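Biologist: I am new to this structure and would like to learn how to read it. Could we take a few features in turn?

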Amino acid sequence: MQEELNLVQRARQGDHEAFARLYETHFDKIFRYVVLKIRNQAEAEDMTQQVFVKAFESIGSYQMKGVPFTAWLYRIAHNQMVDYVRKESKKPVPLDESLPIRDDSDLEGEVETKMEMEKVVLATKQLTKAQREVISLRFAGGLSITEAAKTMRKSEGAIKALQHSAILSLRKTLLAGEKGGE
Amino acid sequence: MGNNKQFSNILNDCLERLITGQETVEQCLQRYPEYIDELEPLLRTAALMNKAIDVKPSDDFRARARYQMQLKMAEIKASHRVTHVVPRWAIAVCTVMLVFVLGSGTILASAGSMPGSPLYAVKLAAENVQVKLAWSQDKKTELYVAMADERVTEMTWMVNNNKTQGLEVAAQRLDSYYNKIGILPLAENTETAFSSASQAAAPAFTTAIATTTPLALSAPTITLASGATDKNDVTTPAPVTIITPIAVAPTVTVIEVPAAGQREDNVITITGNQFNTSNNSKLMNILIYNAITQPEKIQQLLDSDKVPESVKPTLRRALAASKIGYQNAINNLNNTSP
């Protein structure tokens with residue numbers, strides 16, 4: 001944590017190496033967060049790049065005493081996606097064609113993974129916006145409750161409650177899907 | 001309500017460990033046996049979610065993104081530095097002069113001025129205006145190469161005349177030109193740049209980009225030593241070196257250019273059919289020539305006892321940037337050649 005603070009401090013002062021290390025730390029998670037929300041690999045790749053470009057352009061004005069760096073970064077990602085949806089108003093590409101898969105899985109595993117992901121992502125569509133955001137931040141972004149709370153400008157209690165209700169809702173949706181598929 | 005809050009905390013405790021891989025569902029349930037009925041279905045769902053979204057960016061995307069980010073960082077860094085250093089009045093004066101009185105006495109007089117001279121700001125401004133008026137990316141690249149060469153000449157002059165107080169600023173300018181040189185040819189062929197990213201000498205993400213060359217850019221004629229076709233004729237300037245034509249593909253040549261006393265870290269590898277007679281050949285020759293000479297001159301400055309230690313980190317950065325910038329520029333130009 002202290003190391004990240006130091007890196008952020010250095011990055012704010014124009015140290016490119018420090019920013020590069022922050023980039024490497026957060027790149028995969030930001031990509032996963034974006035992909036879960038956009039559900040299109042190509043678009044998610046573009047968006048992930050944009051998030052870091054924006055972060056690099058703005059890091060000089062980032063106030064360390066305000067929100068944690070992680071929360072600040074995910075706010076950028078969130079805002080980029082809001083802009084994207086507003087401007088593009090594109091319909092999501094079917095999951096089968098767009099979603100990336102884990103590099104280390106075999107073919108059978110890949111199909112299984114895609115199907116699992118498709119089910120889960122479809123289930124998240126039944127959630128409220130706030131619930132979906134909590135799930136994305138916690139599971140895709142790997143943010144702690146505190147970081148998610150800062151990102152969403154809510155209390156930690158509220159985030160825990162949203163998380164709880166979201167998983168409950170996902171459970172019900174997934175169960176209903178299984179029963180419907182029988 | 002209180003129970004619900006308590007359960008949310010327990011659920012969160014388990015999720016925290018589940019998401020970070022510290023615990024399995026079973027291990028968590030063992031810690032809270034009294035909540036097992038309520039907790040288990042939720043944790044199973046969470047585990048499914050965790051597994052399902054465990055996607056990773058492809059290696060190809062990762063490499064492309066890193067390269068693009070590197071370029072963006074260099075671009076922003078360069079634009080921040082250059083635009084703030086030259087006074088606006090000087091740019092305005094030079095624009096008017098260049099447009100209406102091209103070759104005016106003031107500008108010509110400023111051309112030979114050195115840092116500290118009253119006309120030095122006019123010289124910098126005139127250079128920037130020339131870049132702004134350049135009609136192509138290749139021309140801009142040529143100009144930046146020339147400007148970089150000019151800065152190195154000035155730095156050498158400053159060191160020789162014990163006027164080292166302006167060295168840091170000059171070195172920063174130099175670094176920014178190198179960034180531009182590495183980027184500019186890309187601007188005309190982004191797609192090629194992307195496709196070459198993976199092979200472009202693994203763009204070290206943390207370094208800047210660079211390149212340099214003399215202002216009155218007469219492209220040096222480069223002549224190949226032996227064993228190559230006429231098309232590949234190349235002449236290397238004095239300190240240069242090993243030329244190995246590859247027999248299988250006559251248009252492909254690999255040159256390793258050890259600069260500054262054969263130091264291994266100064267070797268730039270040039271690969272491809274860049275030594276042709278196409279429209280790009282002049283720029284290519286300029287790039288190759290300066291890829292050899294510039295790092296050597298910077299290294300000489302670094303080796304000088306007269307250069308303050310406080311300036312050397314910036315010089316080292318510029319040296320590293322020059323190598324990457326030239327390498328990128330040459331690779332990119334090579335990829336855009338017919």
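Modeller: This is a predicted model. A place to start is just past the end of helix 8 of chain B, where B:N162 has a positive phi of about 55 degrees.

Biologist: How far apart are the end C-alpha atoms of helix 8 of chain B, and what span should its residues give?

Modeller: The helix covers residues 137-160, and at 1.5 Å a residue its 24 residues should span 34 Å. The end C-alpha atoms lie 35 Å apart, which agrees.

Biologist: How many residues of helix 8 of chain B are buried?

Modeller: Of its 24 residues, 17 are buried, so the rest of the structure largely encloses helix 8 of chain B.

Biologist: Now a helix pair. At what angle do helix 1 and helix 2 of chain A pack?

Modeller: The angle is about 130 degrees, and the axes are 7 Å apart. Angles over 145 degrees would count as roughly antiparallel and 65 to 115 as roughly perpendicular, so helix 1 of chain A is oblique to helix 2 of chain A. Their crossing is left-handed.

Biologist: Which residues meet there?

Modeller: From helix 1 of chain A come A:L7, A:V8, A:R10 and A:A11, and they meet A:A18, A:F19, A:R21 and A:L22 of helix 2 of chain A. By class, this contact has six nonpolar, no polar and two charged residues.

Biologist: How many residues are in contact between chain A and chain B?

Modeller: On chain A there are 39, in contact with 30 residues of chain B. Helices 2, 3, 6, 7 and 9 of chain A each supply at least two residues of the side touching chain B. That side of chain A has 21 nonpolar, seven polar and eleven charged residues.

Conventions
Residues numbered from 1 in each chain as written. Chains lettered and ligands numbered in written order. Predicted model: local features only at pLDDT ≥ 70, side-chain atom pairs only at ≥ 80, totals over all residues. Contact = placed C-beta atoms within 7 Å. Helix = DSSP H or I, 4+ residues; strand = E, 2+ residues; numbered from the N terminus. Nonpolar A, V, L, I, M, F, W, Y, C, P; charged D, E, K, R; others polar. Axes fitted to C-alpha atoms, helices over the stretch in contact; angles between N-to-C directions. Parallel < 35°, antiparallel > 145°, perpendicular 65-115°, else oblique. Left-handed = near helix turned anticlockwise from the far one by under 90°. Expected span 1.5 Å × (residues − 1). Buried ≥ 20, exposed ≤ 12 C-beta atoms within 10 Å, placed from the backbone.
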